[in-house]
Amino acid sequence: MQANAARPRKEMSQGLLAVFFSAPAVLIIAASILVPFCIAVYLSLHRWNLKRPGREKFIGLENYIDWLGDSDFWEPLQTTFTFAIGSVAVILVVSLLIALLLNEKFPGRGVLRALLLIPWAIPSVVNALLWKWLLNPQYGLVNAVAYELGIITEYQNVLGSMPNVMIWLVIAYSWIHIPLATLLLLSGLQTIPGDIYESAIVDGAGLWQRFAYITFPLLRPMLSIVIIFEMIFALKVFDIIFVLTAGGPADATNVLGWQIYTETFRKLDFGAGSSIAMLLGAITLALAIIFYVFLDRGARPE
Amino acid sequence: MRQHARLRLIVIYVSAAVLMIGTVGPFLWLVSSSFQYERQLLSRPPQWLPNPIVLDSYREIFEGALLGEDSGVPYQSRIFLRSFANSFFVAGSVAAVAVIAGAYAAYPLARLDFRGRSTLLFGILASRLIPGLSLAIPIVLVARQIGMSDRIVTLVFINLSFILPYVIWLLQSYFKTIPMELEDAGRIDGCSRLQVVNRIILPLALPGLTSAAILAFMLSWGEFLFALLLAETPASYTSTVIVSLFATDVDVNYVSIITAGVISVIPPICFALVFQRFIISGLLSGSLKG
(Lines give C-alpha, C1' and ligand atoms only; values in the text may rest on other atoms or scores of the structure.)
Protein backbone atom coordinates (compact mmCIF):
# COMPACT_ATOMS: atom_id res chain seq x y z
CA MET A 1 0.00 0.00 0.00
CA GLN A 2 1.43 3.40 -0.96
CA ALA A 3 0.83 6.11 1.57
CA ASN A 4 0.57 9.54 0.11
CA ALA A 5 0.65 12.51 2.46
CA ALA A 6 -0.99 14.98 0.13
CA ARG A 7 -4.07 13.00 -0.84
CA PRO A 8 -6.29 11.00 1.51
CA ARG A 9 -4.79 7.59 1.93
CA LYS A 10 -6.02 5.08 -0.58
CA GLU A 11 -7.48 2.06 1.15
CA MET A 12 -7.72 -1.55 0.26
CA SER A 13 -11.06 -2.68 -1.03
CA GLN A 14 -13.36 -4.14 1.61
CA GLY A 15 -13.10 -7.55 0.03
CA LEU A 16 -9.33 -7.59 0.25
CA LEU A 17 -9.49 -6.39 3.85
CA ALA A 18 -11.88 -9.20 4.66
CA VAL A 19 -9.44 -11.70 3.18
CA PHE A 20 -6.56 -10.39 5.29
CA PHE A 21 -8.56 -10.18 8.48
CA SER A 22 -10.12 -13.60 8.26
CA ALA A 23 -7.16 -15.45 6.74
CA PRO A 24 -5.67 -16.90 9.97
CA ALA A 25 -8.98 -18.25 11.22
CA VAL A 26 -10.07 -19.54 7.82
CA LEU A 27 -6.72 -21.26 7.27
CA ILE A 28 -6.90 -23.01 10.62
CA ILE A 29 -10.44 -24.19 9.94
CA ALA A 30 -9.57 -25.29 6.41
CA ALA A 31 -6.44 -27.15 7.49
CA SER A 32 -8.14 -29.13 10.20
CA ILE A 33 -11.67 -29.54 8.90
CA LEU A 34 -11.80 -29.15 5.14
CA VAL A 35 -8.59 -31.03 4.31
CA PRO A 36 -9.33 -33.94 6.68
CA PHE A 37 -12.84 -34.10 5.29
CA CYS A 38 -11.49 -34.55 1.76
CA ILE A 39 -9.03 -37.19 2.97
CA ALA A 40 -11.88 -38.96 4.77
CA VAL A 41 -13.85 -39.10 1.52
CA TYR A 42 -10.73 -40.45 -0.23
CA LEU A 43 -10.15 -43.09 2.45
CA SER A 44 -13.77 -44.17 2.37
CA LEU A 45 -13.37 -45.09 -1.30
CA HIS A 46 -10.36 -47.29 -0.62
CA ARG A 47 -9.48 -50.56 0.99
CA TRP A 48 -7.20 -49.18 3.68
CA ASN A 49 -6.35 -51.34 6.67
CA LEU A 50 -3.33 -50.48 8.79
CA LYS A 51 -2.96 -54.13 9.69
CA ARG A 52 -2.32 -54.93 6.02
CA PRO A 53 0.09 -52.22 4.85
CA GLY A 54 0.85 -51.96 1.15
CA ARG A 55 -2.51 -53.40 0.13
CA GLU A 56 -4.35 -50.07 -0.22
CA LYS A 57 -6.60 -50.09 -3.23
CA PHE A 58 -9.31 -47.94 -4.81
CA ILE A 59 -12.60 -49.82 -4.58
CA GLY A 60 -15.17 -47.14 -5.36
CA LEU A 61 -18.32 -47.41 -3.30
CA GLU A 62 -17.66 -50.95 -2.12
CA ASN A 63 -17.17 -49.92 1.53
CA TYR A 64 -20.51 -48.12 1.51
CA ILE A 65 -22.32 -50.98 -0.22
CA ASP A 66 -20.84 -53.42 2.30
CA TRP A 67 -22.10 -51.35 5.21
CA LEU A 68 -25.57 -50.94 3.79
CA GLY A 69 -25.89 -54.72 3.55
CA ASP A 70 -24.44 -55.32 7.00
CA SER A 71 -26.32 -55.63 10.30
CA ASP A 72 -23.22 -54.05 11.90
CA PHE A 73 -24.47 -50.82 10.38
CA TRP A 74 -28.24 -51.16 10.84
CA GLU A 75 -28.20 -52.36 14.44
CA PRO A 76 -25.95 -49.53 15.71
CA LEU A 77 -28.06 -47.13 13.65
CA GLN A 78 -31.17 -48.30 15.43
CA THR A 79 -29.42 -48.02 18.81
CA THR A 80 -28.25 -44.52 17.90
CA PHE A 81 -31.79 -43.46 17.08
CA THR A 82 -33.21 -44.99 20.24
CA PHE A 83 -30.61 -43.10 22.24
CA ALA A 84 -31.02 -39.83 20.33
CA ILE A 85 -34.82 -39.77 20.41
CA GLY A 86 -34.85 -40.69 24.09
CA SER A 87 -32.29 -38.02 24.97
CA VAL A 88 -33.89 -35.27 22.94
CA ALA A 89 -37.29 -36.07 24.48
CA VAL A 90 -35.92 -36.07 28.05
CA ILE A 91 -33.89 -32.91 27.49
CA LEU A 92 -36.80 -31.09 25.89
CA VAL A 93 -39.42 -31.97 28.52
CA VAL A 94 -37.21 -31.40 31.55
CA SER A 95 -35.65 -28.18 30.27
CA LEU A 96 -39.07 -26.80 29.32
CA LEU A 97 -40.33 -27.47 32.85
CA ILE A 98 -37.25 -25.84 34.40
CA ALA A 99 -37.49 -22.87 32.04
CA LEU A 100 -41.15 -22.35 32.96
CA LEU A 101 -40.17 -22.42 36.63
CA LEU A 102 -37.29 -19.97 36.19
CA ASN A 103 -39.50 -17.67 34.16
CA GLU A 104 -41.56 -17.03 37.31
CA LYS A 105 -40.39 -14.22 39.55
CA PHE A 106 -39.40 -15.45 43.01
CA PRO A 107 -36.53 -14.77 45.39
CA GLY A 108 -33.64 -17.14 44.70
CA ARG A 109 -34.22 -17.78 41.03
CA GLY A 110 -30.94 -16.09 40.11
CA VAL A 111 -29.10 -18.56 42.34
CA LEU A 112 -30.88 -21.48 40.70
CA ARG A 113 -30.01 -20.22 37.26
CA ALA A 114 -26.35 -19.90 38.25
CA LEU A 115 -26.30 -23.40 39.74
CA LEU A 116 -27.59 -24.78 36.44
CA LEU A 117 -24.17 -24.00 35.03
CA ILE A 118 -22.58 -26.65 37.25
CA PRO A 119 -23.77 -29.66 35.23
CA TRP A 120 -23.12 -27.71 32.03
CA ALA A 121 -19.50 -27.12 33.05
CA ILE A 122 -18.75 -30.77 33.77
CA PRO A 123 -16.83 -32.40 30.89
CA SER A 124 -18.65 -35.35 29.36
CA VAL A 125 -15.98 -37.80 30.46
CA VAL A 126 -16.14 -36.67 34.08
CA ASN A 127 -19.91 -36.85 33.86
CA ALA A 128 -19.61 -40.45 32.73
CA LEU A 129 -17.32 -41.18 35.67
CA LEU A 130 -19.77 -39.49 38.04
CA TRP A 131 -22.66 -41.64 36.83
CA LYS A 132 -20.55 -44.76 36.84
CA TRP A 133 -20.06 -44.12 40.52
CA LEU A 134 -23.72 -43.18 41.18
CA LEU A 135 -24.87 -46.37 39.43
CA ASN A 136 -22.24 -48.66 40.96
CA PRO A 137 -23.89 -52.07 41.46
CA GLN A 138 -22.49 -52.53 44.99
CA TYR A 139 -22.03 -49.04 46.42
CA GLY A 140 -23.86 -46.63 44.13
CA LEU A 141 -25.96 -43.83 45.53
CA VAL A 142 -28.87 -44.57 43.19
CA ASN A 143 -29.04 -48.13 44.48
CA ALA A 144 -28.72 -46.97 48.07
CA VAL A 145 -31.52 -44.41 47.80
CA ALA A 146 -33.85 -46.80 45.97
CA TYR A 147 -33.09 -49.50 48.54
CA GLU A 148 -33.63 -47.25 51.57
CA LEU A 149 -36.91 -46.02 50.11
CA GLY A 150 -38.02 -49.60 49.56
CA ILE A 151 -38.26 -49.28 45.77
CA ILE A 152 -35.89 -52.21 45.25
CA THR A 153 -35.24 -55.16 47.56
CA GLU A 154 -31.69 -55.73 46.41
CA TYR A 155 -29.02 -53.68 44.65
CA GLN A 156 -29.23 -53.70 40.86
CA ASN A 157 -26.55 -53.62 38.21
CA VAL A 158 -28.45 -51.26 35.90
CA LEU A 159 -25.52 -50.88 33.50
CA GLY A 160 -25.49 -54.64 32.95
CA SER A 161 -28.97 -55.20 31.59
CA MET A 162 -31.39 -53.97 28.96
CA PRO A 163 -33.42 -51.79 28.90
CA ASN A 164 -32.04 -50.28 32.14
CA VAL A 165 -28.68 -49.47 30.60
CA MET A 166 -30.27 -47.39 27.84
CA ILE A 167 -32.55 -45.56 30.26
CA TRP A 168 -29.67 -44.62 32.56
CA LEU A 169 -27.41 -43.76 29.67
CA VAL A 170 -30.05 -41.30 28.46
CA ILE A 171 -30.44 -39.83 31.95
CA ALA A 172 -26.70 -39.46 32.47
CA TYR A 173 -26.21 -37.89 29.04
CA SER A 174 -29.19 -35.56 29.44
CA TRP A 175 -28.04 -34.35 32.84
CA ILE A 176 -25.25 -32.19 31.40
CA HIS A 177 -27.25 -31.20 28.30
CA ILE A 178 -30.35 -29.92 30.05
CA PRO A 179 -28.84 -26.63 31.32
CA LEU A 180 -28.06 -25.18 27.89
CA ALA A 181 -31.46 -26.17 26.53
CA THR A 182 -33.05 -24.59 29.59
CA LEU A 183 -31.19 -21.30 29.13
CA LEU A 184 -32.21 -21.17 25.46
CA LEU A 185 -35.86 -21.88 26.23
CA LEU A 186 -35.79 -19.40 29.08
CA SER A 187 -34.49 -16.69 26.78
CA GLY A 188 -37.30 -17.62 24.39
CA LEU A 189 -39.88 -17.35 27.15
CA GLN A 190 -38.60 -13.94 28.15
CA THR A 191 -39.30 -12.54 24.70
CA ILE A 192 -43.02 -13.26 25.13
CA PRO A 193 -44.63 -9.99 26.27
CA GLY A 194 -46.39 -10.20 29.62
CA ASP A 195 -49.49 -8.29 28.55
CA ILE A 196 -50.55 -11.14 26.27
CA TYR A 197 -50.96 -13.27 29.39
CA GLU A 198 -52.74 -10.48 31.23
CA SER A 199 -55.36 -10.07 28.55
CA ALA A 200 -55.72 -13.86 28.38
CA ILE A 201 -56.37 -13.95 32.12
CA VAL A 202 -58.99 -11.20 31.69
CA ASP A 203 -60.61 -13.39 29.03
CA GLY A 204 -60.71 -16.20 31.56
CA ALA A 205 -57.97 -18.46 30.13
CA GLY A 206 -56.68 -21.03 32.63
CA LEU A 207 -53.08 -22.11 33.21
CA TRP A 208 -53.18 -24.91 30.66
CA GLN A 209 -54.94 -22.78 28.03
CA ARG A 210 -52.36 -20.04 28.43
CA PHE A 211 -49.60 -22.59 27.92
CA ALA A 212 -51.26 -24.29 24.93
CA TYR A 213 -52.41 -21.16 23.10
CA ILE A 214 -49.75 -18.58 23.99
CA THR A 215 -46.54 -20.02 25.42
CA PHE A 216 -46.18 -23.08 23.24
CA PRO A 217 -46.83 -21.46 19.82
CA LEU A 218 -44.62 -18.46 20.60
CA LEU A 219 -41.87 -20.68 21.93
CA ARG A 220 -41.90 -22.96 18.91
CA PRO A 221 -39.01 -21.34 17.00
CA MET A 222 -36.75 -21.76 20.05
CA LEU A 223 -38.01 -25.30 20.62
CA SER A 224 -37.08 -26.12 17.03
CA ILE A 225 -33.57 -24.79 17.53
CA VAL A 226 -33.14 -26.85 20.68
CA ILE A 227 -34.46 -30.00 18.98
CA ILE A 228 -32.13 -29.61 15.99
CA PHE A 229 -29.05 -28.88 18.13
CA GLU A 230 -29.67 -31.67 20.59
CA MET A 231 -30.43 -34.13 17.79
CA ILE A 232 -27.13 -33.34 16.07
CA PHE A 233 -25.21 -33.74 19.34
CA ALA A 234 -26.96 -36.95 20.38
CA LEU A 235 -26.42 -38.69 17.03
CA LYS A 236 -22.65 -38.42 17.38
CA VAL A 237 -22.48 -39.48 21.03
CA PHE A 238 -19.18 -41.09 21.93
CA ASP A 239 -17.48 -39.85 25.12
CA ILE A 240 -20.02 -41.13 27.61
CA ILE A 241 -20.20 -44.52 25.85
CA PHE A 242 -16.42 -44.90 26.09
CA VAL A 243 -16.40 -44.55 29.87
CA LEU A 244 -19.83 -45.76 30.98
CA THR A 245 -20.70 -48.79 28.87
CA ALA A 246 -18.09 -49.39 26.11
CA GLY A 247 -21.00 -50.32 23.85
CA GLY A 248 -22.19 -53.08 26.17
CA PRO A 249 -23.70 -55.10 27.61
CA ALA A 250 -23.71 -57.28 24.48
CA ASP A 251 -23.88 -54.35 22.04
CA ALA A 252 -26.96 -52.89 23.79
CA THR A 253 -25.39 -49.42 23.67
CA ASN A 254 -23.28 -49.90 20.56
CA VAL A 255 -24.15 -46.61 18.85
CA LEU A 256 -22.64 -45.60 15.51
CA GLY A 257 -20.07 -43.39 17.22
CA TRP A 258 -18.76 -46.39 19.13
CA GLN A 259 -18.95 -48.64 16.06
CA ILE A 260 -16.82 -46.15 14.10
CA TYR A 261 -14.30 -46.01 16.94
CA THR A 262 -13.91 -49.79 17.27
CA GLU A 263 -13.82 -50.32 13.50
CA THR A 264 -11.15 -47.70 13.00
CA PHE A 265 -8.98 -47.58 16.08
CA ARG A 266 -9.26 -51.16 17.32
CA LYS A 267 -9.60 -53.11 14.05
CA LEU A 268 -7.50 -50.42 12.30
CA ASP A 269 -9.70 -50.59 9.21
CA PHE A 270 -9.51 -46.94 8.19
CA GLY A 271 -11.38 -47.43 4.91
CA ALA A 272 -14.41 -49.09 6.48
CA GLY A 273 -14.29 -46.68 9.43
CA SER A 274 -14.22 -43.63 7.18
CA SER A 275 -17.14 -44.81 5.10
CA ILE A 276 -19.39 -45.54 8.09
CA ALA A 277 -18.41 -42.15 9.55
CA MET A 278 -19.46 -40.55 6.26
CA LEU A 279 -22.79 -42.36 6.48
CA LEU A 280 -23.32 -41.00 9.99
CA GLY A 281 -22.41 -37.50 8.79
CA ALA A 282 -24.85 -37.77 5.87
CA ILE A 283 -27.66 -38.99 8.13
CA THR A 284 -27.03 -36.17 10.59
CA LEU A 285 -26.98 -33.55 7.86
CA ALA A 286 -30.13 -34.93 6.20
CA LEU A 287 -32.00 -34.97 9.50
CA ALA A 288 -30.85 -31.46 10.36
CA ILE A 289 -32.16 -30.20 7.02
CA ILE A 290 -35.46 -32.11 7.28
CA PHE A 291 -36.02 -30.88 10.82
CA TYR A 292 -35.11 -27.36 9.86
CA VAL A 293 -37.54 -27.24 6.95
CA PHE A 294 -40.30 -29.07 8.78
CA LEU A 295 -40.04 -27.24 12.11
CA ASP A 296 -39.37 -23.86 10.58
CA ARG A 297 -42.42 -24.09 8.35
CA GLY A 298 -44.55 -25.25 11.26
CA ALA A 299 -43.25 -22.42 13.43
CA ARG A 300 -44.01 -19.67 10.99
CA PRO A 301 -47.17 -17.73 11.80
CA GLU A 302 -50.06 -18.33 9.42
CA MET B 1 -56.55 -14.48 45.77
CA ARG B 2 -54.15 -14.48 48.68
CA GLN B 3 -54.56 -18.22 49.04
CA HIS B 4 -53.81 -18.55 45.35
CA ALA B 5 -50.55 -16.61 45.79
CA ARG B 6 -49.55 -18.85 48.68
CA LEU B 7 -50.23 -21.96 46.64
CA ARG B 8 -48.13 -20.56 43.83
CA LEU B 9 -45.19 -19.98 46.14
CA ILE B 10 -45.46 -23.48 47.57
CA VAL B 11 -45.44 -25.04 44.11
CA ILE B 12 -42.51 -22.85 43.08
CA TYR B 13 -40.36 -23.64 46.10
CA VAL B 14 -41.09 -27.36 46.04
CA SER B 15 -40.05 -27.51 42.37
CA ALA B 16 -37.07 -25.27 43.10
CA ALA B 17 -35.94 -27.68 45.82
CA VAL B 18 -36.26 -30.66 43.46
CA LEU B 19 -34.33 -28.76 40.81
CA MET B 20 -31.62 -27.82 43.28
CA ILE B 21 -31.13 -31.44 44.39
CA GLY B 22 -31.12 -32.61 40.79
CA THR B 23 -28.62 -29.96 39.72
CA VAL B 24 -26.01 -30.01 42.44
CA GLY B 25 -26.79 -33.28 44.23
CA PRO B 26 -24.88 -35.70 41.99
CA PHE B 27 -21.86 -33.42 41.92
CA LEU B 28 -21.85 -32.84 45.70
CA TRP B 29 -21.99 -36.60 46.21
CA LEU B 30 -18.87 -36.95 44.09
CA VAL B 31 -17.09 -34.30 46.16
CA SER B 32 -18.25 -35.84 49.42
CA SER B 33 -17.06 -39.28 48.27
CA SER B 34 -13.61 -37.96 47.49
CA PHE B 35 -13.07 -37.01 51.15
CA GLN B 36 -13.81 -40.46 52.54
CA TYR B 37 -11.79 -43.56 53.33
CA GLU B 38 -12.22 -46.32 50.81
CA ARG B 39 -13.88 -48.55 53.44
CA GLN B 40 -16.38 -45.81 54.37
CA LEU B 41 -17.14 -45.38 50.71
CA LEU B 42 -17.99 -49.05 50.50
CA SER B 43 -20.40 -49.07 53.43
CA ARG B 44 -24.13 -49.75 53.36
CA PRO B 45 -26.09 -47.61 53.87
CA PRO B 46 -23.77 -44.98 52.42
CA GLN B 47 -22.12 -42.43 54.63
CA TRP B 48 -23.58 -39.12 53.50
CA LEU B 49 -20.98 -36.74 54.84
CA PRO B 50 -17.30 -37.50 55.17
CA ASN B 51 -16.40 -38.00 58.82
CA PRO B 52 -13.54 -37.42 59.35
CA ILE B 53 -12.60 -35.48 56.24
CA VAL B 54 -9.90 -37.56 54.60
CA LEU B 55 -7.43 -35.94 52.23
CA ASP B 56 -5.41 -39.08 51.49
CA SER B 57 -6.50 -39.34 47.87
CA TYR B 58 -5.55 -35.73 47.21
CA ARG B 59 -2.22 -36.21 48.94
CA GLU B 60 -1.57 -39.30 46.82
CA ILE B 61 -1.93 -37.28 43.65
CA PHE B 62 0.56 -34.64 44.77
CA GLU B 63 2.99 -37.15 46.24
CA GLY B 64 2.75 -39.27 43.14
CA ALA B 65 3.59 -36.32 40.91
CA LEU B 66 6.58 -35.35 43.06
CA LEU B 67 8.05 -38.73 43.95
CA GLY B 68 7.18 -40.72 40.84
CA GLU B 69 7.40 -44.48 41.21
CA ASP B 70 8.83 -44.33 44.74
CA SER B 71 5.54 -43.01 46.10
CA GLY B 72 3.86 -46.35 45.50
CA VAL B 73 0.63 -44.75 44.31
CA PRO B 74 -1.14 -46.02 41.19
CA TYR B 75 0.23 -45.03 37.85
CA GLN B 76 -2.76 -42.84 36.89
CA SER B 77 -2.42 -40.82 40.09
CA ARG B 78 1.26 -40.20 39.47
CA ILE B 79 0.74 -38.70 36.03
CA PHE B 80 -2.46 -36.88 36.88
CA LEU B 81 -1.00 -33.47 37.72
CA ARG B 82 1.04 -33.47 34.52
CA SER B 83 -2.12 -34.07 32.53
CA PHE B 84 -3.85 -31.33 34.48
CA ALA B 85 -1.10 -28.92 33.44
CA ASN B 86 -1.45 -30.12 29.84
CA SER B 87 -5.17 -29.37 29.94
CA PHE B 88 -4.42 -25.88 31.19
CA PHE B 89 -1.92 -25.34 28.43
CA VAL B 90 -4.27 -26.58 25.73
CA ALA B 91 -7.36 -24.75 26.95
CA GLY B 92 -5.44 -21.53 27.66
CA SER B 93 -3.74 -21.46 24.27
CA VAL B 94 -6.95 -22.30 22.46
CA ALA B 95 -8.80 -19.52 24.26
CA ALA B 96 -6.11 -16.93 23.49
CA VAL B 97 -5.64 -17.79 19.82
CA ALA B 98 -9.34 -18.37 19.16
CA VAL B 99 -10.28 -14.96 20.50
CA ILE B 100 -7.55 -13.11 18.61
CA ALA B 101 -7.95 -14.89 15.28
CA GLY B 102 -11.70 -15.03 15.77
CA ALA B 103 -12.04 -11.31 16.43
CA TYR B 104 -10.25 -10.34 13.21
CA ALA B 105 -12.30 -12.86 11.25
CA ALA B 106 -15.53 -11.67 12.86
CA TYR B 107 -15.00 -8.01 12.12
CA PRO B 108 -15.40 -8.17 8.32
CA LEU B 109 -18.41 -10.45 8.77
CA ALA B 110 -20.05 -7.92 11.04
CA ARG B 111 -19.07 -4.67 9.38
CA LEU B 112 -17.63 -4.92 5.90
CA ASP B 113 -19.55 -5.22 2.70
CA PHE B 114 -17.93 -7.67 0.32
CA ARG B 115 -18.91 -10.37 -2.11
CA GLY B 116 -19.15 -13.81 -0.55
CA ARG B 117 -19.77 -12.57 2.97
CA SER B 118 -22.76 -14.77 3.63
CA THR B 119 -21.02 -17.70 1.92
CA LEU B 120 -18.05 -17.27 4.25
CA LEU B 121 -20.25 -17.12 7.33
CA PHE B 122 -22.25 -20.13 6.21
CA GLY B 123 -19.11 -22.09 5.38
CA ILE B 124 -17.61 -21.39 8.80
CA LEU B 125 -20.78 -22.54 10.55
CA ALA B 126 -21.38 -25.52 8.27
CA SER B 127 -17.93 -26.86 9.11
CA ARG B 128 -19.37 -27.70 12.51
CA LEU B 129 -21.92 -30.07 11.02
CA ILE B 130 -19.26 -32.61 10.05
CA PRO B 131 -19.03 -35.09 12.92
CA GLY B 132 -15.68 -35.04 14.70
CA LEU B 133 -15.46 -38.81 14.38
CA SER B 134 -15.29 -38.69 10.59
CA LEU B 135 -12.51 -36.10 10.76
CA ALA B 136 -10.69 -37.98 13.49
CA ILE B 137 -9.61 -40.78 11.17
CA PRO B 138 -7.69 -38.66 8.62
CA ILE B 139 -6.40 -36.29 11.29
CA VAL B 140 -4.86 -39.14 13.27
CA LEU B 141 -3.48 -40.71 10.10
CA VAL B 142 -1.87 -37.49 8.86
CA ALA B 143 -0.60 -36.49 12.30
CA ARG B 144 1.15 -39.85 12.63
CA GLN B 145 2.67 -39.58 9.18
CA ILE B 146 4.12 -36.10 9.68
CA GLY B 147 5.25 -36.88 13.20
CA MET B 148 2.81 -34.53 14.88
CA SER B 149 0.75 -37.01 16.84
CA ASP B 150 1.39 -37.29 20.56
CA ARG B 151 2.05 -33.56 20.83
CA ILE B 152 -0.21 -31.18 22.65
CA VAL B 153 0.49 -28.47 20.08
CA THR B 154 -1.43 -30.60 17.59
CA LEU B 155 -4.28 -30.82 20.05
CA VAL B 156 -4.33 -27.03 20.37
CA PHE B 157 -4.54 -26.71 16.61
CA ILE B 158 -7.35 -29.26 16.26
CA ASN B 159 -9.36 -27.78 19.12
CA LEU B 160 -9.00 -24.34 17.56
CA SER B 161 -10.69 -25.44 14.39
CA PHE B 162 -13.72 -26.70 16.30
CA ILE B 163 -13.95 -23.70 18.57
CA LEU B 164 -13.20 -20.91 16.10
CA PRO B 165 -16.56 -21.17 14.30
CA TYR B 166 -18.39 -20.62 17.61
CA VAL B 167 -16.13 -17.76 18.59
CA ILE B 168 -16.50 -16.07 15.20
CA TRP B 169 -20.27 -16.42 15.30
CA LEU B 170 -20.47 -15.05 18.82
CA LEU B 171 -18.13 -12.12 18.17
CA GLN B 172 -19.65 -11.04 14.88
CA SER B 173 -23.04 -10.80 16.57
CA TYR B 174 -21.45 -8.87 19.44
CA PHE B 175 -19.64 -6.46 17.09
CA LYS B 176 -22.96 -5.66 15.43
CA THR B 177 -24.22 -4.22 18.72
CA ILE B 178 -21.42 -1.63 18.83
CA PRO B 179 -22.79 1.69 17.51
CA MET B 180 -21.59 2.47 14.00
CA GLU B 181 -21.10 6.17 14.93
CA LEU B 182 -18.12 5.36 17.14
CA GLU B 183 -16.42 3.61 14.28
CA ASP B 184 -17.27 6.40 11.84
CA ALA B 185 -15.77 8.97 14.22
CA GLY B 186 -12.52 7.04 14.24
CA ARG B 187 -12.54 6.80 10.46
CA ILE B 188 -13.01 10.56 10.14
CA ASP B 189 -10.05 11.08 12.45
CA GLY B 190 -7.98 9.15 9.93
CA CYS B 191 -7.78 5.70 11.46
CA SER B 192 -7.21 2.81 9.09
CA ARG B 193 -9.49 -0.21 9.35
CA LEU B 194 -6.89 -2.06 11.38
CA GLN B 195 -6.62 0.88 13.78
CA VAL B 196 -10.40 1.07 14.03
CA VAL B 197 -10.50 -2.58 15.04
CA ASN B 198 -7.60 -2.36 17.46
CA ARG B 199 -8.45 0.96 19.12
CA ILE B 200 -12.22 1.14 18.97
CA ILE B 201 -13.91 -2.18 18.33
CA LEU B 202 -11.78 -4.50 20.47
CA PRO B 203 -11.79 -2.34 23.63
CA LEU B 204 -15.55 -1.82 23.34
CA ALA B 205 -16.10 -5.52 22.74
CA LEU B 206 -14.24 -6.56 25.89
CA PRO B 207 -17.28 -8.22 27.50
CA GLY B 208 -17.91 -10.18 24.30
CA LEU B 209 -14.25 -11.16 24.03
CA THR B 210 -14.29 -12.30 27.65
CA SER B 211 -17.35 -14.48 27.05
CA ALA B 212 -15.72 -15.97 23.98
CA ALA B 213 -12.44 -16.67 25.80
CA ILE B 214 -14.15 -18.34 28.75
CA LEU B 215 -16.33 -20.50 26.53
CA ALA B 216 -13.35 -21.45 24.38
CA PHE B 217 -11.43 -22.43 27.50
CA MET B 218 -14.25 -24.55 28.85
CA LEU B 219 -15.00 -26.30 25.58
CA SER B 220 -11.41 -27.32 25.02
CA TRP B 221 -10.96 -28.28 28.66
CA GLY B 222 -13.68 -30.88 28.25
CA GLU B 223 -12.62 -32.14 24.82
CA PHE B 224 -12.02 -35.88 24.86
CA LEU B 225 -12.09 -37.59 21.45
CA PHE B 226 -9.00 -35.99 19.91
CA ALA B 227 -7.16 -35.83 23.20
CA LEU B 228 -7.62 -39.60 23.41
CA LEU B 229 -6.77 -40.42 19.82
CA LEU B 230 -3.72 -38.19 19.47
CA ALA B 231 -2.13 -39.12 22.79
CA GLU B 232 0.28 -42.01 22.64
CA THR B 233 2.42 -41.45 25.72
CA PRO B 234 1.47 -40.16 29.18
CA ALA B 235 3.42 -36.94 28.53
CA SER B 236 0.67 -35.73 26.21
CA TYR B 237 -2.40 -36.91 28.14
CA THR B 238 -4.94 -34.29 29.12
CA SER B 239 -7.05 -34.54 32.25
CA THR B 240 -10.05 -35.95 30.37
CA VAL B 241 -7.89 -38.76 29.00
CA ILE B 242 -6.60 -39.61 32.46
CA VAL B 243 -10.11 -39.54 33.87
CA SER B 244 -11.24 -41.99 31.20
CA LEU B 245 -8.27 -44.26 31.96
CA PHE B 246 -9.11 -44.13 35.66
CA ALA B 247 -12.78 -44.77 35.08
CA THR B 248 -12.29 -47.79 32.86
CA ASP B 249 -9.62 -49.43 35.06
CA VAL B 250 -11.09 -51.92 37.53
CA ASP B 251 -7.92 -52.22 39.63
CA VAL B 252 -7.78 -48.67 40.94
CA ASN B 253 -9.59 -47.91 44.19
CA TYR B 254 -12.72 -45.84 44.00
CA VAL B 255 -11.46 -42.89 46.02
CA SER B 256 -8.59 -42.22 43.62
CA ILE B 257 -10.91 -42.35 40.62
CA ILE B 258 -13.41 -40.01 42.22
CA THR B 259 -10.74 -37.57 43.36
CA ALA B 260 -9.31 -37.37 39.85
CA GLY B 261 -12.81 -36.56 38.61
CA VAL B 262 -13.28 -33.85 41.22
CA ILE B 263 -9.93 -32.17 40.57
CA SER B 264 -10.49 -32.12 36.84
CA VAL B 265 -13.80 -30.27 37.15
CA ILE B 266 -12.51 -27.63 39.56
CA PRO B 267 -11.35 -25.22 36.82
CA PRO B 268 -14.52 -25.35 34.68
CA ILE B 269 -16.85 -25.17 37.67
CA CYS B 270 -14.98 -22.23 39.21
CA PHE B 271 -15.14 -20.49 35.84
CA ALA B 272 -18.83 -21.25 35.51
CA LEU B 273 -19.69 -19.77 38.89
CA VAL B 274 -17.35 -16.77 38.77
CA PHE B 275 -18.12 -15.74 35.20
CA GLN B 276 -21.74 -16.85 35.04
CA ARG B 277 -22.96 -13.61 33.51
CA PHE B 278 -20.43 -13.73 30.69
CA ILE B 279 -21.13 -17.39 30.09
CA ILE B 280 -24.89 -17.05 29.97
CA SER B 281 -24.74 -14.09 27.60
CA GLY B 282 -22.21 -15.92 25.43
CA LEU B 283 -24.28 -19.08 25.38
CA LEU B 284 -27.42 -17.26 24.40
CA SER B 285 -25.79 -15.46 21.50
CA GLY B 286 -23.82 -18.46 20.31
CA SER B 287 -25.70 -21.58 21.46
CA LEU B 288 -22.65 -23.63 22.21
CA LYS B 289 -21.18 -26.84 23.46
CA GLY B 290 -21.28 -30.09 21.57
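A salt bridge is a side-chain nitrogen of Lys or Arg within 4 Å of a carboxyl oxygen of Asp or Glu. I took this definition as the starting point for my entries on a predicted model.

**Entry 1**

I searched the whole structure and found seven salt bridges over all chains.

**Entry 2: a salt bridge between chains**

Which residue of chain A forms a salt bridge with B:Arg8? I found A:Glu104, with the closest N and O atoms 3.0 Å apart. The pair joins two chains, because B:Arg8 lies in helix H1 (residues 2–34) of chain B, while A:Glu104 lies in the loop between H3 and helix H4 (109–115) of chain A. I looked up the accessibility of both residues. B:Arg8 is partly exposed, with a relative accessible area of 32%. A:Glu104 is also partly exposed, at 33%.

**Entry 3: a salt bridge in chain A**

I examined A:Glu263 and A:Lys267, which form a salt bridge with their closest N and O atoms 3.3 Å apart. A:Glu263 has a relative accessibility of 9% and therefore counts as buried, the limit for that class being under 20%. A:Lys267, at 41%, counts as partly exposed.

**Entry 4: two helices of chain A**

I turned to helix H3 (residues 71–102) and helix H10 (residues 207–235), both of chain A. They pack at an angle of about 140°, and their axes are 10 Å apart. This angle makes H3(A) oblique to H10(A), because a pair counts as roughly antiparallel over 145 degrees. I noted that their crossing is right-handed.

Which residues meet where these helices pack? On the H3(A) side I listed several, among them A:Phe81, A:Ile85, A:Val88 and A:Leu92. On the H10(A) side I listed others, including A:Phe211, A:Leu219, A:Leu223 and A:Glu230. By class, I recorded 17 nonpolar, two polar and one charged residues in the contact of H3(A) with H10(A).

Notes:
Residues numbered from 1 in each chain as written. Chains lettered and ligands numbered in written order. Predicted model: local features only at pLDDT ≥ 70, side-chain atom pairs only at ≥ 80, totals over all residues. Heavy atoms only, no water. Axes fitted to C-alpha atoms, helices over the stretch in contact; angles between N-to-C directions. Helix = DSSP H or I, 4+ residues; strand = E, 2+ residues; numbered from the N terminus. Parallel < 35°, antiparallel > 145°, perpendicular 65-115°, else oblique. Left-handed = near helix turned anticlockwise from the far one by under 90°. Contact = heavy atoms within 4.5 Å. Nonpolar A, V, L, I, M, F, W, Y, C, P; charged D, E, K, R; others polar. Buried < 20%, exposed > 50% of the residue type's maximum accessible area, 1.4 Å probe, protein only.
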